[in-house]
Amino acid sequence: MKPYSIEKARNYINGAWVQSNSKEEIIVYNPATGERIGAVPSGSASDVDAAVAAAKKAFPAWSETPAAVRARYLFDLRNLMEAHFDELCSICTQEHGKTFEESKGDVRRAIDNVETAAGIPSLMMGQALEQVAPGIDCVSVRQPAGVFAAIAPYNFPSMVPFWFLPYAIATGNTIVIKPSEQVPFSQVRAFELISELKLPPGVVNMVQGGRDVVNALVEHRDIVGVSFVGSSPVAQHVYERASATGKRVQALGGAKNFTIVIDDCNWEKSVANIIDSAFACTGQRCLATSVVIGVGGAYDRLKRELVEQAKRITVGYGLDAGVTMGPLISETHRARVISYIEKGVKEGAELLLDGRDCKVASYPKGHFLGATIFGNVTSAMTIGREEIFGPVLSLMRADSLDEAIKIVNAHPLANASSIYTSAGAAARRYTHAVHASMVGVNIGVAAPMSYFGFGGAKGSFLGDLKAHGRESILFYTNSKTAISRWW
Ligand code: NAD
């Protein structure tokens with residue numbers, strides 16, 4: 001497959017590819033090779049105005065289109081994505097850096113959401129009860145609400161916009177997508193496939209760019225709701241600005257995911273699973289294990305075995321055979337992760353494995369960083385507290401499961417959390433007590449499938465209805481209840 005390249009990404013508005021009104025551009029490089037892939041416009045409020053106007057115009061007819069007809073477009077989209085699966089995966093690896101295998105997961109989850117949303121005639125059904133009083137019946141239905149916006153982060157270029165787009169249009173709404181300016185091309189290719197569907201113009205739109213586009217979307221008077229995924233400070237900003245202008249918001253923010261290990265776990269499987277959770281996608285997953293707490297005697301064995309296995313990770317370009325960990329997204333982010341490693345050393349954590357010297361000879365311009373593990377980390381240390389979003393794993397000790405739960409629940413972020421044990425009672429206690437709302441029992445990345453809700457708790461999620469699953473249908477619709485009597 002030849003390398004993906006594009007001069008400059010365009011916006012997709014009203015069923016056509018159009019140039020952005022902004023003159024400034026952001027250049028996108030392959031994070032492994034350092035080669036330029038293409039550019040993306042910085043974007044402007046007038047781009048957003050054009051996209052929202054198209055979406056608003058398309059809404060009345062689209063919202064009246066029968067659900068089964070809307071679903072047929074999604075069946076076709078699913079087939080097109082399947083037919084272009086390897087190509088979508090390759091673009092994902094080239095712009096993001098994750099391995100080809102990891103990109104398969106990214107694109108597969110995007111397709112999963114299209115498949116789930118294609119069940120909309122059943123998913124969108126309301127409730128009915130006859131005879132709520134003598135001769136009186138009651139029917140409650142879900143109706144589309146209008147124009148929505150979805151704003152995505154860089155770490156899942158294919159999947160995250162598809163947490164929203166399929167459900168928004170399946171429920172009869174129209175939408176404007178803003179991909180991450182760091183990884184815009186997976187969505188460009190996805191929208192090229194979407195353009196083959198011959199959807200009515202304006203049902204789906206895409207505006208490329210950075211914060212100016214976000215700020216125009218969250219304040220736009222013709223947008224009724226915003227789905228956001230990204231870091232917690234930006235989630236807070238989006239939540240405040242969008243709700244101040246009367247919109248419904250689901251804002252999925254950052255994470256600090258804790259994993260508990262009890263000595264009675266299946267060691268071989270658990271350690272392999274934790275390594276995958278911490279270092280796959282180079283630690284740039286919102287569900288990645290960031291801190292492992294060894295309970296009692298588990299700590300010393302964990303320390304030994306995790307370091308041993310992490311040394312087997314092969315860092316390189318994700319399209320090359322045998323590579324198990326790609327680069328970080330940018331040199332800026334690499335420098336940020338290294339500054340966390342430096343803070344860890346300075347604040348007294350025990351550096352058990354140091355990835356800072358990692359070099360990949362064939363790709364001197366890649367933003368590579370090797371797997372890094374710290375022991376004796378405490379919640380008071382910066383690396384024990386803040387989201388690092390890189391291949392850095394911290395080990396903590398706890399004397400008991402209760403102490404471990406206390407450490408986990410004291411953290412202001414609560415996205416995902418896992419426990420490794422063979423004891424049902426410990427697993428049950430943990431699942432019940434932990435604040436995180438995506439919980440894994442002997443599962444390192446507790447990512448709910450598309451037919452369940454996805455989203456964290458506390459500072460990791462602002463809003464009330466989560467992404468995909470049943471909650472997504474509620475987010476994208478208004479309820480209407482009709483009570484009738486016929487004399
Ligand atoms: P980010 O917050 O920097 O960017 C997310 C989006 O917000 C991008 O589209 C970007 O253009 C925009 N943005 C950035 N700064 C902005 C600003 N000041 N004003 C307005 N808009 C702005 O996030 P990222 O670095 O792209 O992604 C990584 C973060 O996303 C991590 O914190 C990770 O935990 C989080 N994340 C969370 C989930 C989840 O399900 N909770 C899933 C994936 C990623």
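Trainee: How far is an oxygen atom of the ligand from an N or O atom in the side chain of Ser231?
Mentor: In this predicted model, the distance from the ligand oxygen to that side-chain atom of Ser231 is 2.6 Å.

Trainee: And how much of the ligand does the protein bury?
Mentor: The ligand taken alone exposes 840 Å², and the protein buries 88% of that.

Trainee: Which residues are closest to the ligand?
Mentor: The closest are Ala152, Lys178, Glu181, Ser231 and Glu387, within a surrounding set of 27 residues. For Glu181, a polar side-chain atom lies 2.7 Å from an oxygen atom of the ligand. Gly230 has a backbone N or O atom 3.3 Å from a ligand oxygen.

Trainee: What is the make-up of that shell?
Mentor: The shell around the ligand holds 14 nonpolar, 9 polar and 4 charged residues. Domain 1 (11-253 + 460-485) and domain 2 (257-441) each contribute at least three residues.

Trainee: Which element gives the most to the shell?
Mentor: Helix H8 does, with 3 residues. Strand S10 (223-229) and helix H9 (232-244) each supply at least two.

Trainee: Changing topic, what is the strand order in the open sheet of 7 strands?
Mentor: The order is S14-S15-S16-S13-S12-S18-S19, and the pairing is mixed.

Trainee: Why is one side of S14 and of S19 left without a neighbour?
Mentor: Strands S14 (350-353) and S19 (438-441) stand at the edges of the sheet and have a single partner strand each, so one side of each has no neighbour there.

Trainee: In which sense do S12 and S18 pair, parallel or antiparallel?
Mentor: Strand S12 (residues 257-261) and strand S18 (residues 416-420) pair in the parallel sense, over 4 bridges. Ile260 stands opposite Ile419 in S18.

Definitions and conventions
Residues are numbered from 1 along each chain as its sequence is written. This is a predicted model: local features need pLDDT of at least 70, side-chain atom pairs count only at pLDDT 80 or more; totals for chains, interfaces and linings use all residues. Side-chain values use heavy atoms; hydrogens and water are left out. A residue is near a molecule or strand if one of its heavy atoms lies within 4 Å of it. A polar contact is a pair of N or O atoms within 3.5 Å; within protein, one must be able to donate a hydrogen and the other to accept it, and residues adjacent in sequence count only if both atoms are side-chain atoms. Accessible areas come from the Shrake-Rupley method with a 1.4 Å probe; for residues, only the protein chains shown count as cover. Ala, Val, Leu, Ile, Met, Phe, Trp, Tyr, Cys and Pro count as nonpolar, Asp, Glu, Lys and Arg as charged, and the others, Gly among them, as polar. Domain bounds come from an automatic or database domain assignment. Two strands pair if DSSP finds at least two bridges between them.
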